[in-house]
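Hello,

I am passing a structure on to you, with notes on what turned up in it. Please look through it before reading on.

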Amino acid sequence: MPHDPVPGLLSRATELLEAEFTALPAWESTADLAGTAAIERVLEAVAHRLGDNYPYFHPLYAGQMLKPPHPVARAAYALAMNLNPNNHARDGGRASSEMEIEAVREIAGMFGWKEFLGHLTSSGTLANLEALWVAGQIAPGRRIVGSEQAHYTHRRISAVLKLDYAEVPADSRGRMSIVALESELRKGAVGAVVATLGTTAMGAVDPLDEILALRERYGFRIHVDAAYGGYFRLIPESLDEPARRAFAAIGQADSIVVDPHKHGLQPYGCGCVLFRDPAVGRFYKHDSPYTYFTSKELHLGEISLECSRAGAAAVALWATQKLLPLAPGGEFAQRLARSRAAALELDRRLRGDGRFQPLATGSPELDIVVWKPRAQTAEEASRRAREIFAACARRDLHLALVELPLTWFHLEESGSIAETPRPVTCLRSVLMKPEHEAWLDQIWERLTAASMDVMAQADKRPE
Ligand SMILES: *Cc1c(COP(=O)(O)O)cnc(C)c1O
């Protein structure tokens, strides 16, 4: 369990914070009337209850998108809890609003944006909601289009916003099919296209450069959902050419969402939405001239659909980016590159092992690996995937499962592409911790041992 790396750092910082307020008359808090013994008993119960979790902090947890917050983020968050600021307005969080503006400017800078409008949100979903809401304000009655691999919430968000949503198929690598997108565009009335740079299921990167070319011809907004993948912009040298081109083009999008609480080492409650044109601020506040939104007096509550938001989330993000600036080649980028290297290495081993079938068409684009057990039928492969998943968990290796079209794994078997896409349950591993690289032998050992168990069981089953 990652304890605070340097005990005492947080209490020293807390003393410094207290010293900022010494001019006030002394007072007694009534909050701790329950007494320390009672609090201690409750905390013991909490620790016990929290034991009923997967060990998200450990490198053998390689399942869903979960990454421990950086110690500096946890400490800064805890420090801010002494004040519990609210970033809905400067009155509620004066310092933390400033810190949010600075931190968000750094995130925008990562995409090459200097003049923009942006703020933190409590999640990627809320951030996407704001982006699609703005798209709907700009082009009322027009459709939103995303790929079948776009995050499931885009459809739901569109329904909430009363915007029609159309789904276009993905290709065999999970990327939005450009041919399918263009035929959707020909039908007309498309207000915005959601390009996902780093899909949730498999880290696929939609061909943003090609979508941009279509924007020239058909005219629509482009919203980039990079909730998961945004930070990969910092490591182009680690990406394959198509993904590199997509990330290079990200600055030409109309809006971008990135989740610091996914790859940005933050506690939950930290998404971010950015708009290339600051004038979209006019949709949030009707009685203010839009020039207000380019001024330095940015008032976060007036450019956000949410009201109360954790100021502590902004403080934690600001602190993390001070320690680990969002710079290509920097420590933050190097950690990300290690995750990417771990994914490529796992994929390489899977490809060299006859028991497994990774994607037919190529290696992972980011740090998420998907593969299926090789089997006679889709049903058998799905069953084995579930059994391997469980057998790995018994060995303390935690993977995830995902449903993907069977054809993506069977391209060599001609004719299968034309079939109606049949789903197969696959194994999935999100290798988002830098430690995963060093732990790959351990992961591989457990995965292969678990697979051997499952195969042995399958051999014993009556036909
Ligand atoms: C996680 C994710 C979301 C949703 O973000 P939350 O922070 O979980 O609300 C949206 N899009 C993509 C691509 C994601 O990976």
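**Around the ligand**

The shell around the ligand is made up of 3 nonpolar, 9 polar and 3 charged residues (Ala, Val, Leu, Ile, Met, Phe, Trp, Tyr, Cys and Pro count as nonpolar, Asp, Glu, Lys and Arg as charged, and the others, Gly among them, as polar). This is a predicted model, in which local features need pLDDT of at least 70 and side-chain atom pairs pLDDT 80 or more, while totals for chains, interfaces and linings use all residues. Residues are numbered from 1 along each chain as its sequence is written, and side-chain values use heavy atoms, without hydrogens and water.

Of the 15 residues around the ligand, those that come nearest are Thr125, Asp225, Asp259, His261 and Lys262 (near means a heavy atom within 4 Å). Helix H5, residues 124-138, gives the most to this shell, with 3 residues (helices are DSSP runs of H or I, at least four residues, numbered from the N terminus).

Oxygen atoms of the ligand lie 2.5 Å from a polar side-chain atom of Thr125, 2.6 Å from a side-chain N or O atom of Asp259 and 2.7 Å from one of His261. On its own the ligand has 380 Å² of accessible area, and the protein covers 88% of it (Shrake-Rupley method, 1.4 Å probe).

**Two packed helices**

Helix H1 (residues 9-19) packs with helix H3 (residues 71-80) at about 35 degrees, their axes 10 Å apart (axes are lines fitted to C-alpha atoms over the stretch in contact, and angles run from 0 to 180 degrees between N-to-C directions). Leu10, Ala13, Thr14 and Leu17 of H1 meet Ala75, Ala78 and Leu79 of H3 (contact means heavy atoms within 4.5 Å). The residues of this contact are 6 nonpolar, 1 polar and no charged.

Regards

Definitions and conventions: A polar contact is a pair of N or O atoms within 3.5 Å; within protein, one must be able to donate a hydrogen and the other to accept it, and residues adjacent in sequence count only if both atoms are side-chain atoms.
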